[in-house]
Amino acid sequence: MNFLKILKKTVIDSQIYVSVMGTLFAVFFMKEQNTFRFPTVLLIFITYFSGYLYTKYQYTRHFLKILVLNAVAGIICAFLIIHNHNEIRLLKWFIIVVLGLLYNSFFLDVYIRKIPLLKVFYVGLVWALVNCWLTLPEFSLPIFMISFFFITALVLPFDIRDMESDTVQTFPKLIGVQNTKYAAYLLVFVSMLIAVFYLKPVYDTAFFLSGIITFILIYFSENKRDDTYFSFWVETCSALPFLFLLIMEYF
């Protein structure tokens with residue numbers, strides 16, 4: 001039990017886990033598009049990790065340390081892009097970082113997280129842009145839609161988890177938990193449908209299997225469940241396409 005608590009504190013609560021999950025989601029599409037490169041993978045992980053640290057710690061006494069860490073991370077990311085890519089990729093990365101700052105920053109009078117019902121779509125937008133724009137030479141609409149619908153669906157269970165503590169209007173508070181699940185099912189189904197028609201055969205199968213597991217985890221999402229159910233199991237759904245791909249390719 002102590003080991004599980006330590007694991008949760010050092011891996012999940014530290015934002016490492018969600019950053020790895022987001023990175024593996026991007027790797028899945030990079031491999032499908034034959035654009036996989038380790039510097040890009042490192043760039044995506046550092047961007048996610050520094051962004052989630054900023055969001056979590058901006059109202060704490062550790063914020064100055066996080067700012068310094070983010071500044072260092074920004075320099076490393078800029079170096080990775082300039083050394084391995086071009087100025088266009090640097091501009092794309094900068095725009096995505098700004099979008100992340102707009103999501104939740106104390107220096108803004110109104111930021112995205114304060115706007116009712118918008119949060120779920122905004123998170124889906126940012127993750128989708130990483131997959132369909134940052135890692136590719138040109139914007140890919142199918143990958144954008146697959147990523148956007150899938151990640152938006154995954155954010156809804158977190159709204160179910162937080163429905164009693166959220167201070168802004170969310171879908172579970174507005175339409176109820178069950179209807180929120182129905183909306184999540186629909187979003188996952190649409191992303192699976194697009195994946196079947198667009199992705200290469202092995203990749204669409206991996207995504208389809210991931211969608212089935214995601215349906216199950218959404219079904220059992222309840223406000224009374226422990227936070228680990230969401231921050232570990234639901235969060236893992238974004239890495240499932242890549243994990244299923246590995247299983248099918250190597251086993």
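This note goes through a predicted model point by point, from its basis to its helices, salt bridges, surface patch and backbone.

1. Basis of the model. The structure is predicted, so that local features need pLDDT of at least 70 and side-chain atom pairs count only at pLDDT 80 or more, while totals for chains, interfaces and linings use all residues. Residues are numbered from 1 along each chain as its sequence is written, and side-chain values use heavy atoms, with hydrogens and water left out.

2. Helix α5. This helix (helices being DSSP runs of H or I with at least four residues, numbered from the N terminus) covers residues 87-103, and its 17 residues reach 25 Å from the first C-alpha to the last, close to the 24 Å expected at 1.5 Å a residue; the expected span is 1.5 Å times one less than the number of residues. Its buried residues are Arg89, Lys92, Trp93, Ile96, Leu99 and Tyr103, where buried means under 20% relative accessible area, exposed over 50% and partly exposed in between, with a 1.4 Å probe and protein chains only. Seen down the axis of α5, these buried residues fall within an arc of 120°, so they line one face of the helix; the arc is taken from the directions from the helix axis to the C-beta atoms. The buried residues of α5 pack against α3 (38-57), α4 (63-84) and α6 (119-134), contact meaning heavy atoms within 4.5 Å.

3. Gly22. In helix α2 (residues 16-32), Gly22 is buried, with a relative accessible area of 0%. Leaving aside residues up to four places away in sequence, Gly22 touches Tyr48, Trp127 and Ser238, and although Gly22 and Ala239 are 217 residues apart in sequence, their C-alpha atoms are 7.1 Å apart in space.

4. Salt bridges. Four salt bridges are counted, by a rule that asks for a side-chain nitrogen of Lys or Arg within 4 Å of a carboxyl oxygen of Asp or Glu. Arg161 pairs with Asp162 at 2.8 Å, N to O, and also with Asp227 at 2.6 Å, N to O. Lys181 is buried at 2% relative accessible area, whereas Glu222 is partly exposed at 29%.

5. Surface patch. A nonpolar patch of about 1100 Å² of accessible area together includes Leu193, Phe208 and Tyr219. The elements giving two or more residues to the nonpolar patch are α9 (177-198) and α10 (201-219). Leu193, in helix α9, is partly exposed at 42%, and Phe208, in helix α10, is partly exposed at 39%. Patches are made of residues with over 30% relative accessible area and no salt bridge, like charges being joined within 9 Å and nonpolar side chains (Val, Leu, Ile, Met, Phe, Trp, Tyr) within 5 Å; accessible areas come from the Shrake-Rupley method with a 1.4 Å probe, and for residues only the protein chains shown count as cover.

6. Backbone. Most residues other than glycine have a negative phi. Asn34, in the loop between α2 and α3, has a positive phi near 60° and is exposed at 64% relative accessibility.
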